Amino acid sequence: MSDLRLTTLPGPPAAPPGTLDGALAALPPEASGAEVWAALGAGGHLAACYRDGDPRRGVRPAALARLLAAADARFGIPATLSVSVPLATTLPVLATGTTPEAGRALADALAGRVTTALAATDASAGTDLTGLRTAVRLDGDTVEVTGEKRWIANATTASWFLVLARLRPGRHFTAFTWVLVPADASGVHVRPGDSSLYAASGTGHVRFDGVRLTAAHLVDRVGMGLPSFARHIATERLAGALWGVALCRRVLADTRSRLAARAHGEATLWDNEAIRQRFAACLVRTQELHALCEQFAEPVARRHDTTAAATLKAAAGATVGQVLGDCAQWWGAAGFADGSVQQTRAQAALFGIGGGATEVVLATLADSAEHVLAHLELRGDTP
């Protein structure tokens with residue numbers, strides 16, 4: 001549901017049912033992420049986020065930004081998380097598959113008939129993918145998956161799990177591969193995450209107890225798991241930055257309305273100069289993130305530029321944290337009401353953790369310092 005409680009003026013007339021806004025307006029604000037995904041898929045709005053409607057061709061950043069902004073505005077962070085991760089990562093990885101199982105799962109997910117879950121985060125440290133313990137054993141035409149994945153969005157609603165698993169010991173990038181595991185396969189055990197913050201996203205933990213499948217459930221070439229993940233996590237980081245702009249814009253707009261309506265002395269809180277300056281600083285940070293999205297959206301969408309994606313991820317985590325922290329302060333005690341801004345702030349901490357913690361992506365940027373510095377030159381006509 002919408003996670004800022006504020007009485008607002010009546011909005012524009014209802015959007016036609018076939019439009020993006022119309023498809024979302026047909027659902028109640030407390031709809032789950034799975035319900036949102038189904039509505040978007042049935043209306044063709046998931047496919048519209050990809051070039052020519054094909055996840056193999058990459059995302060269309062503007063369409064992706066519109067969809068995430070619309071979902072966030074109506075349903076809040078948890079349900080939007082259910083949409084963001086599959087759109088940016090799960091479906092593009094599935095699209096690399098050549099088996100009938102991968103093709104069927106992709107087609108059903110894109111049409112909204114099923115929900116999928118990206119099962120990469122392991123029982124070990126989530127940011128240390130080369131240390132993951134979930135393993136796959138290959139024996140002729142048989143595939144056996146054993147291990148546990150934790151804090152997986154859509155875990156409790158998914159029909160398929162796209163599992164990143166270890167083929168052999170060691171940290172070499174060829175030691176991992178993707179396996180497509182049906183949620184109803186024998187040996188698959190799912191339990192909800194012990195947190196109410198992301199209940200609408202179906203977040204939970206998945207255990208695989210010797211799940212036996214055929215080799216047709218392998219996705220892409222064996223040993224290409226990490227290279228494939230590295231490509232498509234870049235798009236997830238772009239999606240997070242686009243969503244971060246929309247979230248900050250939404251919270252800032254609602255907060256400004258509240259400040260302008262709250263009496264303080266003979267004026268309002270909005271007339272307090274200290275608040276106005278801090279609010280302006282939040283506007284600057286949000287505009288900076290928006291500008292970075294405009295600069296790096298195409299390099300990430302078309303070339304999976306990892307440095308650009310790391311920049312976006314680091315900027316989004318810092319910007320969302322500052323903006324929502326300041327806004328939560330200005331809401332005062334009312335911000336602690338159920339579904340209000342303090343809850344949004346807690347949920348939004350995900351922007352600094354999911355898809356690679358801020359410290360991890362900053363390390364990636366440091367590795368590319370010479371390249372980044374070389375491009376910090378103002379281009380254009382010289383005087």
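This is a predicted model: local features need pLDDT of at least 70, side-chain atom pairs count only at pLDDT 80 or more; totals for chains, interfaces and linings use all residues.
Residues are numbered from 1 along each chain as its sequence is written, and side-chain values use heavy atoms, with hydrogens and water left out.

**Helices α9 and α1**
- Helices here are DSSP runs (H or I, at least four residues), and strands are E runs of at least two, numbered from the N terminus.
- In α9 (residues 341–348), the buried residues are V341, Q342, T344, Q347 and A348.
- G22 sits in helix α1 (residues 20–25).
- G22 counts as buried because its relative accessibility is 7%.
- Between the C-alpha atoms of G22 and G43, 21 residues apart along the chain, the separation is 9.6 Å.

**The largest pocket**
- A pocket is an open set of points on a 1 Å grid over the protein atoms alone, where a 1.4 Å probe fits and protein lies on both sides within 12 Å along at least five of seven lines; lining residues have an atom within 4 Å of a point.
- The volume of the largest pocket is about 1200 Å³, taken as the space filled by probe spheres set on the points, which are joined across faces, edges and corners.
- Its lining has 45 residues, and T121, I353, G354, G355 and G356 are the closest to the centre.
- At least two lining residues each come from α4 (77–94), β3 (142–152), α6 (225–261), α8 (306–331) and α10 (358–367).
- With ten residues, α6 gives the most to this lining.

**Nonpolar cores**
- A nonpolar core joins buried Ala, Val, Leu, Ile, Met, Phe, Trp, Tyr and Cys residues through side-chain atoms within 4.5 Å.
- The largest core has 89 residues, of which V36, L87 and L247 touch the most other members.
- α6 provides the largest share of this core, 15 residues.
- A second, separate core has 21 residues, including V136, V181, V206 and L218.

**Aromatic rings**
- Rings of Phe, Tyr and Trp (its six-membered ring) pair if their centres lie within 6.5 Å; planes under 30 degrees apart are stacked, over 60 edge-to-face and the rest tilted.
- This rule gives five aromatic pairs.
- One of them, W270 with F279, is edge-to-face at 5.1 Å centre to centre and 85° between the planes.
- Both W270 and F279 are buried.
- W270, F279 and W330 are linked into a cluster by ring pairs.

Technical notes
Buried means under 20% relative accessible area, exposed over 50%, partly exposed in between (1.4 Å probe, protein chains only).
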